[in-house]
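Let's take a walk through a structure together, one piece at a time.

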Amino acid sequence: MKHKYQALFFFLFLLFSVFVVSAQEKKTNYGNTPDEVIPYGGFHKAYIDFFDKPQPFTGAGREKPEPAGLKEIRIGYLGPLEGSVMVPQGIQMLQGAQLAVEEANKKGGYKGIPFKIMEHNDVGLWGAAANKVVAMNDEHVWAFLGSIDDINTHVALRMTLKLEIPMVNSGDPDPTLTETRIPWMIRVIGDDRQSCYALSEYIYKVKKLKRVAVLRVDNRYGRVGIKEFREAARRMNHPLVLEIRYAEGDTTFTPQIQRIIDSEPDAVLLWGNAKETALALKQMRKMGMNAPVFGSDRLMSPEFLKIAGKDAEGVVTTCQYNPNLDNPKLKAFQKNYKKRFGMDSDVFAAHAYDGMNIIIDAIKKAGLNRAKIRDVLTDMKTFQGYEGVAGKIIFDASWNDIGAIWMTEVRNGEFHFFPTPPFTSGKVACNN
Amino acid sequence: MKLKKQIVIIGLFVAAVFVGGYITSCSNMPANGTIVFTRVPVANIDVEKAIPHLFKGANLQAVNRMGKSGEGENLTPGFYSACSPQVSYDAKHILFLGQKTETDLWQVWELNIKDKSTRQITNCKMSCNSVCYLPGDRIAFSKKVTDKKTGITSNALFTINMDGTKLQQITFHPHNDFISTVLKDGRILINSRQVYPKKGKVKYLAMRPNGTKAELFYADNSAAIYGQCVNEANKLIYFTEQNPTTKKTDVAEVSYNRPLHSKINYTENIQGNFYWALPLSAEKMIVSYQSPDSKNVGLWNFLQSEKKISEPIYNDAKFDCFEPVCVKPFQRPKKLPNDIVMAQTSGLFLCTNINFTETGTTQATKIEILGLEKSLGTVDMEKDGSVFLSVVADTPVRIQTLDNENNVVSGPSEWIWVRPFERRGCIGCHENHELVPQNIVPLAINKSAVIIPVDSTNSKKGSEITKVSEMK
Amino acid sequence: MDSLKQNRMKGVNLIIIVLLSFGLFGFSPGKRDTVSKKNKNSIPDTGEMPVYGNWKTFTKKDGLPADKIYCVRVDGDRVLVGTSNGMAVYENGTWKTYSVKDGLAHKGVLSIDVSEITGDVWIGTLGGLTRWSSGSFHTFTQLNSGLPNDIIYSVICDGKDVWVATGGGAGHYDTYSDQWDIYMERNAPMHEPWTYGVCAGDSKIFIAAWGGGVIEFNTKTKKFRDYVDPDEQMELDVFPDDGVVHDITTGVSYAKGILWVGTYFGLSWYDGAHWKSYFDHDSGLLSNFINYLKADGNVAWMCTDKGLSSFNGKTWVSYQKNETGKTGKIIVTKGPRIAEGAKTKEVAATSSICHNFVLGIDFNDNEIWVATSKGLCRGEKIK
Amino acid sequence: MMKKRKLFFLLLIIVVIVIGFSIGPARKKARQHVNYMTAVDDHPLNCLSCHLYTQRSGFLAKMINASYLSPYNLAVAPNGEKLFVVAQEGNALLTIDTKTNRVVDKIAVGTQPHTVLISKDGTRAFVSNEWDDTVYIIDLGTSEITDTIKTGNGPAGMVLCNNETTLYVVNSFSNEISIFDLNTKKERKRLVAGNNPVGAALSPDGKQIYISSRRILPHKYRTPISIEITVIDTKTERVTERKILNDAYLSENVSFTPEGDLAIATLIRPKNLIPSIQVEQGFMMTYGIAVMETKKNGRIVQLLTDQPNSYCSDPFDIVITPDGKKAFVSSSGADIITVIDLTKVRKLLAESSSEQLKQYANNLGVSSKYVIKRISTGANPKGMKASPDGKYIYVAERLNDKISVINTETLDIERTIDLGGPKRITVARKGRRLFNNAGHTFQKQYACYTCHPDVGEDGLVYNMAGVGMGRNVTNTQTLRDIGDIAPYKWNGHNQSVYKQDGMRFSTFLTRTEPFAYDDLDALVAYIITGIKNPPNLRYNPTGKLTDAQERGKKIFYRTHTNDGKEIPPHNRCYTCHPPPDFTNKRLEDVGSLAETDDTIKFDTPQLNNLFNAGPYLHDGRAQTLEEIWTTYDHGDYHGVTSDMTKDQLNDMIEYLKSLRDAKFYENVNVEEEVKKYNAK
């Protein structure tokens with residue numbers, strides 16, 4: 001149907017092209033979107049951009065006095081702690097947060113009152129994460145950190161507006177999470193948009209590959225995560241040759257791989273958890289499929305290396321930070337973390353540490369008032385450019401962290417980090 | 001196939017009819033309606049002392065109810081004394097207390113009505129002083145016992161097999177207990193009177209024949225109970241009682257259904273004293289009666305509806321007539337099951353709310369358990385007032401409630417005891433005996449029972465009875 | 001499917017062009033005419049649109065259990081109010097509160113509806129669904145019943161049926177058969193089971209699905225269809241009037257054949273054939289951030305974060321509290337959209353709604369009850 | 001020829017068996033068998049006890065059993081000349097001429113009819129058929145059924161109002177009241193009632209309807225219980241009040257005084273939360289009435305009809321004489337009609353403090369203040385009605401197939417009307433009488449029926465005080481259709497109903513003399529043969545499963561979890577709950593052990609007709625089926641369910657609710673079902 005309206009679109013495009021181009025030069029696009037892949041950007045300015053400025057919170061609550069006589073300042077933790085494949089990540093996240101709280105308490109907590117983490121497992125019966133936010137509200141937390149799983153994080157987010165609890169997300173890269181306009185959450189980790197843009201830039205522009213097949217997990221993480229890559233690929237004039245799914249927990253991928261082979265791709269992009277993608281990679285190589293393989297951030301894990309073994313060589317993934325950076329803050333964190341918990345910190349621990357520190361700072365600045373804590377978290381000033389152990393946090397108007405992310409390549413059984421390629425402003429190649 | 005099965009069954013049925021017919025046989029009934037009573041040479045009757053009713057020189061006398069006064073047959077010619085006749089449910093035997101010679105101890109004997117033969121059942125070292133048949137193959141009787149530690153002497157109930165084996169004590173409090181009768185529900189009605197620490201009033205207690213669940217059945221502080229009690233058709237209990245001021249003894253009736261509040265005095269308007277009552281029907285009863293102008297107690301017919309003495313049955317100036325019974329088969333009381341386990345050494349006791357009393361609620365916080373000699377310890381109540389105890393079996397205790405400062409709030413209670421593995425409950429302390437428990441989970445049962453006597457060296461709560469047992 | 005969309009698009013063409021043209025000629029959609037001083041207090045002609053005033057506020061001081069009012073429901077002579085601290089009932093001029101100790105599932109009451117058949121009150125809380133029937137409370141939870149999830153964002157009664165919108169799917173409870181159905185991603189056209197609002201009308205149930213637009217369920221055919229944002233983009237709306245403005249919907253209300261859809265991104269209107277979009281910059285809508293909406297006859301009431309807007313397709317009447325004091329203003333926009341010639345006038349009002357962060361609304365003949373972030377208020381019909 | 005020969009051989013076999021059992025070593029074997037089955041060593045060696053009287057079908061069963069009428073409820077014609085009796089087992093409406101005391105008409109009605117109403121003009125009868133989900137409207141002139149109204153599940157009590165244009169029907173199984181427009185015969189609406197509502201009464205002014213209910217309201221586990229009396233305004237047709245009767249259940253019927261100032265309901269006050277350590281002092285059950293003032297904020301006073309050593313078990317109906325002076329309560333387990341002087345009740349209400357009134361509910365002595373007579377009747381008196389002139393009370397003696405007529409002045413039974421049922425009392429009928437009568441418990445405090453109303457279960461959790469006092473709480477189990485599912489009792493200790501109802505039963509439950517062996521035979525015969533479940537018309541009327549039930553069935557038979565992991569065979573639903581009885585008749589551990597339980601494993605319960613058998617699990621901790629898995633199964637001990645989505649659990653529960661009597665599943669092949677439902 002679309003071509004029927006091309007004449008109209010063209011007309012509109014002419015009308016607006018001047019404004020559009022000039023706007024692009026001045027500020028970053030929403031979600032750090034490369035110009036080339038802005039939706040409909042090729043021919044039509046949207047009737048309305050929803051995230052051109054932060055959504056204010058106009059409700060009551062700032063007038064509430066700070067309560068007296070508190071024995072502890074409660075901060076919620078919502079993450080996978082039991083009954084999920086994500087428990088290791090959940091524990092890293094919890095420990096990162098704990099370290100932040102312990103350090104803050106050593107420095108006197110909040111006006112001498114210690115902070116306390118109220119732990120909540122987000123894995124449970126049907127929509128448990130939202131119910132856990134209710135539980136945290138009943139416990140009178142001042143803000144909470146959470147979570148990793150995109151579904152759990154989303155349902156938790158929905159409660160924050162009803163209950164007016166500030167939420168800091170440090171582990172869920174779902175791009176839609178910050179697109180609800182609920183002005184009670186900020187994200188301090190790069191989202192899958194950033195990963196998709198980086199991968200598309202790297203695959204199509206740097207590696208100059210054209211035919212990409214996607215093998216992804218059949219859940220929300222796979223579906224929503226890959227969306228921006230798919231659209232970017234299309235807008236870069238290299239629509240995916242194949243997008244094929246597998247069920248969470250699958251161990252054999254033969255039919256999918258056969259179809260991938262049949263689609264004759266130049267490259268394969270894996271989007272899923274470490275275990276399944278590693279198994280799929282091994283089987284792919286076994287079946288004689290030798291195209292370069294790229295992957296989402298979840299591949300960047302020791303588990304992936306362990307299972308995939310030699311076959312992991314050359315796999316390129318994204319990562320929301322670079323643990324090898326020579327950043328004294330990061331080094332100190334890594335050292336303290338290892339000392340405290342007896343294990344190496346990972347991406348979830350680092351971001352949780354940053355997220356919890358931001359919550360603590362916000363409480364210290366705003367006092368014990370949720371609306372005011374929210375105001376500080378979202379004012380686009382206090383924490384804009386925050387230098388955390390996981391890097392610099394830059395918020396866009398939806399409080400999505402569009403700060404730099406990294407890429408990795410497996411070489412000799414190890415992840416080697418390198419910066420994402422700068423977005424090249426290619427010509428508008430297609431009209432949608 | 002189905003048909004086959006059914007024919008097999010029909011065959012079995014036919015066979016069973018034959019076998020059944022072979023087994024069943026009818027027996028002759030003894031002469032109905034004969035009255036047997038204790039005939040005592042005339043003496044001054046002191047009601048108080050007449051309990052126990054061991055009448056020296058008495059014999060069991062049988063008379064035809066319709067016969068003339070003074071006639072009859074001595075059923076115990078070979079005895080120096082015999083009294084307290086009790087007819088078996090099939091009316092073939094009579095149980096009685098007897099002594100062959102003046103120096104013999106009183107023992108329980110059984111008389112075969114048909115051939116007048118007697119056999120001795122007990123061989124006690126103390127005189128037996130009341131007796132009755134129990135449903136099944138045992139009898140109950142009473143005799144004197146002395147507590148070895150305290151030296152307190154009382155009269156306790158026992159049961160024993162008809163062949164004199166398996167003697168068992170079933171009451172364990174410092175009371176003088178005498179058997180009155182067996183209620184149709186299977187319980188023994190006990191004429192009971194506390195002797196320690198001080199003498200109490202005579203009360204009727206009802207108790208299961210294994211000595212469990214003894215509870216107040218009837219008491220009236222305005223009258224001293226006297227005389228043997230009988231019941232008819234499970235509904236009415238007759239007994240005689242003495243007015244403490246006028247000393248007149250009367251026939252009274254209470255309803256089995258509500259004994260504490262249903263007394264009717266039948267004879268208060270008739271001059272003279274009544275010592276026994278034997279109801280024969282809803283209309284008639286036989287009474288042991290002594291008119292003011294008579295020197296002896298005779299057996300008289302009494303019309304209940306008219307509350308009137310009619311003609312005498314047996315009235316001989318030389319004899320007093322007591323304890324009339326009627327020789328006729330009667331409905332056997334229920335044979336109550338035995339839930340005690342003699343291998344156990346304790347029983348459980350639950351009070352649902354120690355602050356629940358007849359007069360209202362009190363403010364106690366704990367109870368003290370008193371033994372015969374000393375206190376057996378105190379136990380804190382739960383929030384709801386409940387306490388749950390594991391009490392050493394067959395040992396009398398009394399309970400009093402205390403406040404935080406150990407002042408007595410209520411009590412001490414009557415003497416109670418639990419039998420081995422008995423579980424019993426009460427609603428409150430000195431509660432209205434017509435009240436039933438409120439349907440709540442008593443908090444105390446969520447924990448282990450407190451062992452009584454409380455081990456003062458170790459205040460930890462003890463464990464419950466551990467024997468695994470089924471419930472249905 | 002495609003041809004359907006095309007038809008719709010045709011109608012939309014003109015509107016877009018006109019709209020954009022206005023934009024080009026520098027028409028400022030945000031700017032409003034203020035009523036001149038001399039006729040400041042005279043409300044402009046609003047046509048059939050009712051106007052409310054003489055606002056009275058109720059807060060904790062008046063007997064409410066909390067100032068944060070999630071919802072309000074008028075039930076005959078009484079008003080049922082869901083707060084963050086229990087349900088308050090206003091009857092005969094006094095407030096009575098019911099909470100967990102009385103049998104309420106949770107103190108946070110998000111939604112209330114009353115069954116027309118039985119008079120039973122269905123209370124959606126943060127911890128389950130409670131039926132309040134003639135004084136007795138019965139609670140359904142996700143653990144003791146077929147309820148999909150304990151957080152009830154919305155509950156409605158439709159004859160014998162009760163519908164709830166929860167994060168675990170839309171729940172349907174047949175009070176006759178005592179049976180629960182759950183509609184979610186596996187048996188209905190949704191990506192996720194997250195539902196936020198539900199309403200009924202003309203044998204249809206409309207479900208506002210968070211991220212899934214609007215799901216329509218035909219109670220007769222038991223068939224579904226969905227309405228999603230055609231541009232598939234979360235961050236922008238390419239064309240107005242092409243469908244529901246955003247996939248994240250927060251409320252639905254159906255009356256007189258019109259489905260009104262509230263989002264945090266604007267308002268949608270659907271008559272069964274055509275969609276229309278209304279935004280704060282192009283119409284009389286006070287804010288794109290719509291917490292809740294409810295249609296009453298021809299008039300839809302939008303509870304936004306900047307005040308209360310009402311709209312009957314022709315005229316907007318909005319109520320906003322001034323930043324200080326108790327006064328406020330009534331903003332009348334004649335005409336649906338600026339592009340369609342809408343003109344706005346403001347009238348100062350001596351009383352106003354108690355807070356601009358509006359969360360719920362209900363009405364009876366001459367009164368309107370408004371639930372806000374800080375207090376409950378009642379307005380009287382003055383026009 | 002062949003036939004004759006066969007017969008001869010058969011007879012020969014019988015003779016050999018009989019002789020063998022009488023003398024030979026076979027006798028020893030038989031003795032061992034009987035000892036095992038009865039758990040005693042002196043039960044008569046009578047093969048018939050078990051093998052004849054317990055026949056459930058076939059020629060023999062027909063021969064040894066009989067079809068009784070079992071009058072349940074009744075109505076009197078407005079002119080008093082006719083009596084209409086619902087025969088519960090006879091599935092008929094009997095018309096009796098009150099002058100001749102003869103049955104003059106018998107109209108076949110639906111299954112298990114419950115209540116009959118007669119229109120004011122005496123031309124129409126309304127009969128609720130509890131097991132058919134219908135109400136029949138009968139033209140009494142032609143004795144024909146003119147209309148059949150479809151109701152909710154289990155129609156029981158009814159009320160006609162609004163000039164007889166509106167019919168209220170109490171749906172006893174689906175807990176609602178259906179309101180019908182009699183002009184259109186259409187159902188106008190349904191209102192939620194209490195749990196298992198049954199009796200209904202219209203206030204004299206026609207403005208209100210009171211509905212009694214039997215089962216308790218949802219409550220916190222092991223906390224005091226209550227039931228609801230539902231009050232409906234006939235003008236608005238809405239529930240205006242839900243009166244709560246605390247500590248009570250099984251309120252069968254309710255009645256208004258002619259003045260309308262009081263409504264009185266029958267009730268039972270059980271002691272399920274107290275350890276069942278004794279019967280003495282009302283430790284198990286008490287019975288009485290709730291006197292409700294109908295005015296606004298009126299008092300509710302519970303009064304016992306019992307006496308300290310004598311109980312009026314299982315009150316069923318209550319009738320108040322037209323002069324408002326006397327109330328008659330049929331105590332169906334005690335075979336008596338308790339007569340209450342309402343003037344005295346009013347006086348008591350007037351002169352007692354609220355504290356006293358509260359205490360009366362637990363006072364066995366107070367009945368002497370208002371009970372003026374206890375009239376003995378035939379077996380199992382149930383429904384009653386007063387004649388229009390108030391001179392007589394008609395009593396349906398259910399297990400006697402007779403109507404007794406009480407003179408309200410003399411308070412004696414003046415005459416008895418024989419309904420013409422079978423004259424002989426079969427063994428099973430005798431068993432049924434025993435079951436319904438409290439005579440076999442200490443002081444007649446309760447009957448089997450009390451905890452097993454309609455031979456089902458009363459929905460209560462009892463503290464049976466097996467060992468100690470706070471231990472081994474158990475959920476009452478149904479006795480319907482249990483012939484094939486030994487062992488019995490939650491701990492599975494009883495291999496037969498004989499043992500179940502034998503010596504230990506008397507020692508720890510009835511606490512009186514055990515059943516005589518012929519009584520025990522009869523009781524067992526009744527339990528094994530006589531008891532059907534009501535048809536599952538609510539969830540599975542035809543046998544065709546709904547979509548949800550079909551999906552649920554797939555889950556029931558599944559062998560793999562959602563993510564494809566194989567479920568160990570012992571952890572699949574059908575392993576322990578295979579059809580037809582949906583029990584493997586073995587003890588299993590489903591992780592439900594409580595600290596207070598002595599047994600680790602529990603008898604796997606049958607699942608047939610479990611939809612209204614809550615609470616669930618051995619100790620009744622799960623109030624709903626959902627809770628079994630959402631709340632009380634941590635770790636997938638009770639089948640693997642943790643991977644299920646909420647809608648899957650809902651579907652599975654819908655399937656479980658669909659389960660009907662075992663007879664419908666006799667030919668189900670589990671293997672085939674597993675194969676079918678696990679096919680890709």
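The first term to learn is pLDDT, the predictor's confidence in each residue, which runs from 0 to 100. You need it because this is a predicted model, in which local features need pLDDT of at least 70 and side-chain atom pairs count only at pLDDT 80 or more, while totals for chains, interfaces and linings use all residues. As for labels, residues are numbered from 1 along each chain as its sequence is written, and chains are lettered from A and ligands numbered from 1 in the order in which they are written.

Start with chain A. Its average pLDDT is 89, and 91% of its residues score at least 70. A contact here means that the C-beta atoms of two residues, placed from the backbone, lie within 7 Å. Residues 426-432 of chain A also have a pLDDT below 50, with 12 contacts in the model beyond near neighbours in sequence. Where pLDDT is low, the predicted coordinates should not be read in detail.

Now look at how chain A is divided. Its domain assignment gives domain 1 (73-190 + 326-393) and domain 2 (193-322 + 406-419); bounds like these come from an automatic or database domain assignment. Taken over C-alpha atoms, the centres of domain 1 and domain 2 of chain A are 29 Å apart. Where they meet, 14 residues of domain 1 of chain A and 12 residues of domain 2 of chain A take part in the contact. On the domain 1 side, α4 (150-163) and α11 of chain A each supply at least two residues, and α11(A) has the largest share, with 3 residues. Names like these follow DSSP runs, numbered from the N terminus: helices are H or I over at least four residues, and strands are E over at least two. That domain 1 side splits into 8 nonpolar, 4 polar and 2 charged residues. In this sorting, Ala, Val, Leu, Ile, Met, Phe, Trp, Tyr, Cys and Pro count as nonpolar, Asp, Glu, Lys and Arg as charged, and the others, Gly among them, as polar.

Next, chain C. How many helices and strands are there in chain C? There are 1 helix and 32 strands. Of the 383 residues in chain C, 58% are buried. A residue is buried if 20 or more other C-beta atoms lie within 10 Å of its own, exposed if 12 or fewer do, and partly exposed in between, with C-beta atoms placed from the backbone. Among contacts in chain C between residues at least 6 apart in sequence, 48% join residues at least 24 apart.

Chain C also meets chain A: 38 residues of chain C are in contact with 34 residues of chain A. On the chain C side, α1 (2-24) and β19 (236-237) each supply at least two residues, and α1(C) gives the most, with 4 residues. The chain C side is made up of 17 nonpolar, 12 polar and 9 charged residues. Strand β1 (residues 48-49) of chain A runs antiparallel to β19(C), and 2 bridges join them; strands count as paired if DSSP finds at least two bridges between them.

What lies inside? A nonpolar core is a set of buried Ala, Val, Leu, Ile, Met, Phe, Trp, Tyr and Cys residues joined through C-beta atoms within 7 Å. The largest one has 242 residues, and those touching the most other members are A:Ala97, A:Ala143, C:Val81, C:Val198 and C:Ile207. Helix α11 (residues 347-366) of chain A supplies its largest share, 13 residues.

Finally, turn to chains B and D. Of the 4 pairs of chains that touch, B and D have the most contacts, with 52 residues from chain B and 65 residues from chain D taking part. On the chain B side, α1(B) has the largest share, 12 residues.
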